[in-house]
Amino acid sequence: ELAKEIAYRSLRWDVVTIGVIAWNAASQRVADRVIATGTTDDAMLDPLEVLRVAVAAPGAVSFAVWVWQPAVTRLTVTASDRDNADRLRMMASALHLTFSDLLVISPSDRVSLAVLDQWA
């Protein structure tokens, strides 16, 4: 459902866009921010900026990162995506937060790293 929401609100964006959504213990959304925009092909994900948003969100206990890829019809997960996800999982754990997913979304496709890589 989250991937559908992101896809719907991102349809008008023509550049790669990265955002963070954080939730509190009651599963209420306490942060929802775009943290980077790039070109039609790429944007840089800064793990520290992701964590700043999550830590600053009032009562946040978990967060997800999404990457909007407007020019891609068939998504592929890159080694960089997996490296970023691994780094974020490790850093979040050190801060007693849960990194729940890295979603890569295009107008016609969606990939959840948590599902693809079977995160516990």
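A salt bridge is a side-chain nitrogen of Lys or Arg within 4 Å of a carboxyl oxygen of Asp or Glu. The legends below describe close-up views of a predicted model.

**View 1. Arg 29 and Asp 32 joined by a salt bridge.** The side chains of Arg 29 and Asp 32 form a salt bridge with an N to O distance of 3.0 Å, one of nine salt bridges that the structure holds. Arg 29 counts as partly exposed because its relative accessibility is 37%, and Asp 32 is likewise assigned as partly exposed because its value is 32%.

**View 2. Glu 5 paired with Arg 29 across distant parts of the chain.** The side chain of Arg 29 also meets that of Glu 5 in a salt bridge, at 2.8 Å from N to O. This pair links distant parts of the chain, with Arg 29 in strand S2 and Glu 5 in helix H1, 24 residues apart. Glu 5 has a relative accessibility of 29% and therefore counts as partly exposed.

**View 3. Arg 9 and Glu 5 within helix H1.** A salt bridge joins the side chains of Arg 9 and Glu 5, with 3.5 Å between N and O. Because the two residues lie four residues apart in helix H1, Arg 9 and Glu 5 are separated by about one helical turn. Arg 9 is partly exposed, with a relative accessible area of 22%.

**View 4. Arg 12 in the loop between helix H1 (2-10) and S1.** The side chain of Arg 12 reaches the backbone oxygen of Arg 9 at a distance of 3.0 Å, while Arg 12 itself is exposed, with a relative accessible area of 66%. The C-alpha atoms of Arg 12 and Asp 109, which are 97 residues apart along the chain, are separated by 16 Å.

**View 5. Ser 27 with a positive phi.** Most residues other than glycine have a negative phi. Ser 27, although not a glycine, has a positive phi of about 65°, and this residue lies in the loop between strand S1 (17-24) and strand S2 (29-37). Ser 27 counts as exposed because its relative accessibility is 59%.

**View 6. His 96 in the loop between helix H3 (79-94) and strand S4 (98-105).** The phi of His 96 is near 60°, a positive value in a residue other than glycine. With a relative accessibility of 74%, His 96 counts as exposed.

Definitions and conventions: Residues are numbered from 1 along each chain as its sequence is written. This is a predicted model: local features need pLDDT of at least 70, side-chain atom pairs count only at pLDDT 80 or more; totals for chains, interfaces and linings use all residues. Side-chain values use heavy atoms; hydrogens and water are left out. Buried means under 20% relative accessible area, exposed over 50%, partly exposed in between (1.4 Å probe, protein chains only). A polar contact is a pair of N or O atoms within 3.5 Å; within protein, one must be able to donate a hydrogen and the other to accept it, and residues adjacent in sequence count only if both atoms are side-chain atoms.
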